[in-house]
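I set out to record, in order, what I looked up in this structure. The entries below follow the sheets, the helices on them, the overall fold and the pocket.

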Amino acid sequence: MDFTLEVIPLPVTDIDRARDFYRDKVGFHVDIDQEVMPGMRIIQLTPPGSGCSIALGESIWEMTPGPTPTPGSYQGLQLCVADIKAAHAELVERGLDISEPVQYAPDDGATFMHFTDPDGNGWAIQEYRRRATEPLHQLLADLKRQGA
């Protein structure tokens, strides 16, 4: 049986401000922005090419057992791109305040840049050049066909 990570609830103080930030500055697609049940509005956004989304909602934490995370408390959320220089240029053009890419080693996967959302949730963007020729969805489909 497959278990896929598809949605991560993200704690924010203002879901409209967060929606606008992720849509306009980071380039995520707004999949859902509606009241899904009385009193529960959900905004779900997906990064381009990703199989995992983030969910924003004022009441979302009432349905989740355990303590409610504080807006800005999520750190280390990570996106991957095949060309970090092109991604940096696109994000700067969108108006995102993002660090310059830093290469920690010459190996593929060792270059990162960082940004935070308006609440302080921290993101890393990792360059993984291999994804240009081996998209993750294709790799996973090949593994499934091989029975791995």
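**Entry 1. A sheet from β5 to β8.** In what order do the strands β5, β6, β7 and β8 stand in their open sheet, and what is the pairing? I worked from a predicted model. I found an open sheet of four strands in the order β5-β8-β7-β6, and its pairing is mixed. I then looked at the edges: β5 and β6 (102-103) each have a single partner strand, so one side of each is left without a neighbour in the sheet.

I looked up the pairing of β6 next. β6 runs antiparallel to β7 (residues 111-116), and two bridges join them. Within this pair, I noted Q103 with T111 in β7 as its bridge partner. I also checked which helix lies on this sheet. Helix α2 packs on the sheet and touches β5, β7 and β8. The direction of α2 makes about 20° with that of β7.

**Entry 2. A sheet from β1 to β4.** I turned to the strands β1 to β4. Four strands form an open sheet here too, in the order β1-β4-β3-β2, with mixed pairing. β1 (7-9) and β2 (29-37) are the edge strands; each has a single partner strand, so one side of each lacks a neighbour in the sheet. I recorded an average twist of 25° from one strand to the next.

Which helix packs on this sheet, and which strands does it touch? I found helix α1 (residues 15-25), which touches β2, β3 and β4. The direction of α1 makes about 15° with that of β3.

**Entry 3. The β2-β3 hairpin.** I followed β2 into β3 (residues 40-46) and found antiparallel pairing over seven bridges. The two strands form a hairpin with two residues between them. In the turn, G39 has a positive phi of about 80°. I noted two of the facing positions: H29 has T46 in β3 as its bridge partner, and I32 stands opposite Q44 in β3.

**Entry 4. The chain as a whole.** I counted three helices and eight strands in the chain. Read along the sequence, they follow the pattern β-α-β-β-β-β-α-β-β-β-α. The C-alpha atoms fill a box of roughly 50 × 40 × 25 Å along the principal axes.

I then consulted the UniProt record. The entry, which is unreviewed, carries the annotation "domain: VOC" over residues 4-128. In the model, the end C-alpha atoms of residues 4-128 lie 21 Å apart. This span is 17% helix and 34% strand.

**Entry 5. The largest pocket.** Which residues lie closest to the centre of the largest pocket? I first noted its volume, about 1200 Å³. Of the 39 residues in its lining, those closest to the centre are G49, S50, G51, C80 and L136. The elements that give two or more residues to the lining are β4 (53-57), β5 (77-81), α2 (84-93), β8 (122-127) and α3 (136-145). Helix α3 gives the most, with six residues.

Last, I looked up the classes of the lining residues. The lining of the largest pocket has 25 nonpolar, eight polar and six charged residues.

Methods. Residues numbered from 1 in each chain as written. Predicted model: local features only at pLDDT ≥ 70, side-chain atom pairs only at ≥ 80, totals over all residues. Heavy atoms only, no water. 1 Å grid on protein atoms, 1.4 Å probe; cavity = no way out; pocket = protein on both sides within 12 Å on 5 of 7 lines; lining within 4 Å. Points joined across faces, edges and corners; volume = space filled by probe spheres on them. Nonpolar A, V, L, I, M, F, W, Y, C, P; charged D, E, K, R; others polar. Pairing = 2+ DSSP bridges. Axes fitted to C-alpha atoms, helices over the stretch in contact; angles between N-to-C directions. Contact = heavy atoms within 4.5 Å. UniProt positions renumbered as here; feature names shortened; annotations may be inferred.
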